[in-house]
Amino acid sequence: MFHIYCPHCEDHREEEEFHASGEAHIPRPLDPQSCSDEEWGEYLYFRKNPRGLHHELWVHAVGCRKFFNITRDTVTYEIKEVYKVGEKPSVTSSEKNQ
Amino acid sequence: MEKYSGFGLFTHSLSCHENWQRVWRNPQPKKKYDVIIVGGGGHGLATAYYLAKVHNITNVAVVEKGYLGGGNTARNTTIVRSNYLWDESAHLYEHAMKLWEGLSQDLNYNVMFSQRGVLNLGHTLQDMRDIERRVNANRLNGIDGEVLDAKQIQELVPAMDCSANTRYPVMGASWQPRAGVARHDAVAWGYARAADALGVDLIQQCEVVDIVTEDGAAVGVETKQYGTIKADRVGCVVAGNSGVLAKMAGFRLPLESHPLQALVSEPIKPVLDTVVMSNHVHGYISQSDKGDLVIGAGIDGYNGYGQRGSYPTIEHTVQAIMELFPIFSRVRMNRQWGGIVDTCPDACPIISATPVENLFFNCGWGTGGFKATPGSGHVFAATLAQGEASKLAKPFSMFRFYDGSLIDEHGAAGVAH
């Protein structure tokens, strides 16, 4: 059971109040009209699936209903940090292209 | 290979069962194989077996980092069915179903395939509309199916509360009589034994750390224990770790790994002789031959590689089961565990060539891979033998996520697998 700190409510709440929304920091294509099929496919369906550190988007679904980011280890499930949308993670993996 | 039979059981009883042959060899890997299969679970072993049996390719190795059938093959809820909505998946799962029906004889190994039927319950009007659509689609594809009403279900499963007094009353169900359960471990062991007898090398405790490529083509695998093992073709059947292997080969897969969990109760006397699944309240249950109730849950919403699930998910599942079967309220749960499932965005598998030549992947089975084990192995063997996707595998290419030809089984086939 996760005990998650919501940076908007500034409080720890139980996992059940939250909903995981997948990988964080996926930029929408700047010029959608000129995207190739590969680029659209990558944007829509291809996600990082690291065994280790993962930056994720979560939503406080039955709380403040706001989105925020979590850096979490997908093996130990340890939550390394919580930060707001628009901010950069301070805990990052040394491995490239994970 | 020593053939198993009633007579053999009798003769071995005369020597107190002390002289049974080992079920498979434990060979040292050769320098080079025609085909290397990474992953010694049910799907990988089935692939090796059909490569040897159907395609006469016996210079095959299965490399497994742990032990055979120790991943999701050992962790699922053993349900086998083929009532999928869309033609592509219906054909694939029905192909598997037909192989299931003769599997014990084919392998000379009792996989305890029991066609006790599967009920997929409907609790809302929309559920019932979806069920009717799916059953009709199934019948057009030659798959058995019936729509039952609450009264018929009550006759079939007396222990279930089909009254109108529940929070989500059972309105009806789809019923596939040919569906059922099979002994999961026996499937892996049976395939392993039969493949080994045909000359396939099963190499356990051998972890692949890299895919060796030359000029954009796979030429072998680098292993931690045995160094480089060369191969003309490499097939990866590693479920939750597919993304990790794809990364070694330098491309991405549209997969996310999630924990999926199941639990069993203490053994009780026979009470449930079929499989009950409910998409709406989200739980599924059957009773094993041992007597324990086998209960399945949904996946955890977040990515994870830890082979354990979260408590809220168990709680939801048990609530759903209690709603359907108040009679089980005093049953104690015995064990709970999790496996890592590799889910695709469209809830359909990937059986496919990859951007790397001679490297093939069979993955993305998500929450419903066990039922497909024979079919998956059969079509992946054909794919590896021909060097291109076989007819049934063709729609399941990984490139469907670029051209948009997804096979949207989400919900259509029932989220509860």
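**Figure 1. The salt bridge between B:Arg252 and A:Glu42.** In this predicted model, B:Arg252 forms a salt bridge with A:Glu42, and the closest N and O atoms of the pair lie 3.0 Å apart. A salt bridge is here a side-chain nitrogen of Lys or Arg within 4 Å of a carboxyl oxygen of Asp or Glu, and across the interface of chain A and chain B this rule finds one. Residues are numbered from 1 along each chain as its sequence is written, with chains lettered from A and ligands numbered from 1 in the order in which they are written. Local features need pLDDT of at least 70 and side-chain atom pairs count only at pLDDT 80 or more, while totals for chains, interfaces and linings use all residues, and side-chain values use heavy atoms, leaving out hydrogens and water.

**Figure 2. Polar contacts and the side of chain A that touches chain B.** Between the two chains, 13 residue pairs are in polar contact, both residues being at pLDDT 80 or more; such a contact is a pair of N or O atoms within 3.5 Å, where within protein one must be able to donate a hydrogen and the other to accept it, and residues adjacent in sequence count only if both atoms are side-chain atoms. On the side of chain A that touches chain B, the elements giving two or more residues are α1 (37-45) and β4 (53-59) of chain A, helices (H or I, at least four residues) and strands (E, at least two) being DSSP runs numbered from the N terminus. The largest share of that side, five residues, comes from α1(A).

**Figure 3. Extent of the interface between chain A and chain B.** In this view 28 residues of chain A are in contact (heavy atoms within 4.5 Å) with 25 residues of chain B. The two chains bury about 2,400 Å² between them, 52% of it on carbon and sulfur atoms, where buried area is the accessible area (1.4 Å probe) that two parts lose on being put together, summed over both.

**Figure 4. The fold of chain A.** Chain A has one helix and six strands, and its elements run β-β-β-α-β-β-β from the N terminus on. Of its 98 residues, 38% are buried, meaning under 20% relative accessible area (1.4 Å probe, protein chains only).

**Figure 5. The fold of chain B.** The secondary structure of chain B comes to eleven helices and 18 strands, and buried residues make up 58% of its 417 residues. The C-alpha atoms of chain B fill a box of roughly 65 × 65 × 40 Å, taken along the principal axes.

Notes. Buried means under 20% relative accessible area, exposed over 50%, partly exposed in between (1.4 Å probe, protein chains only).
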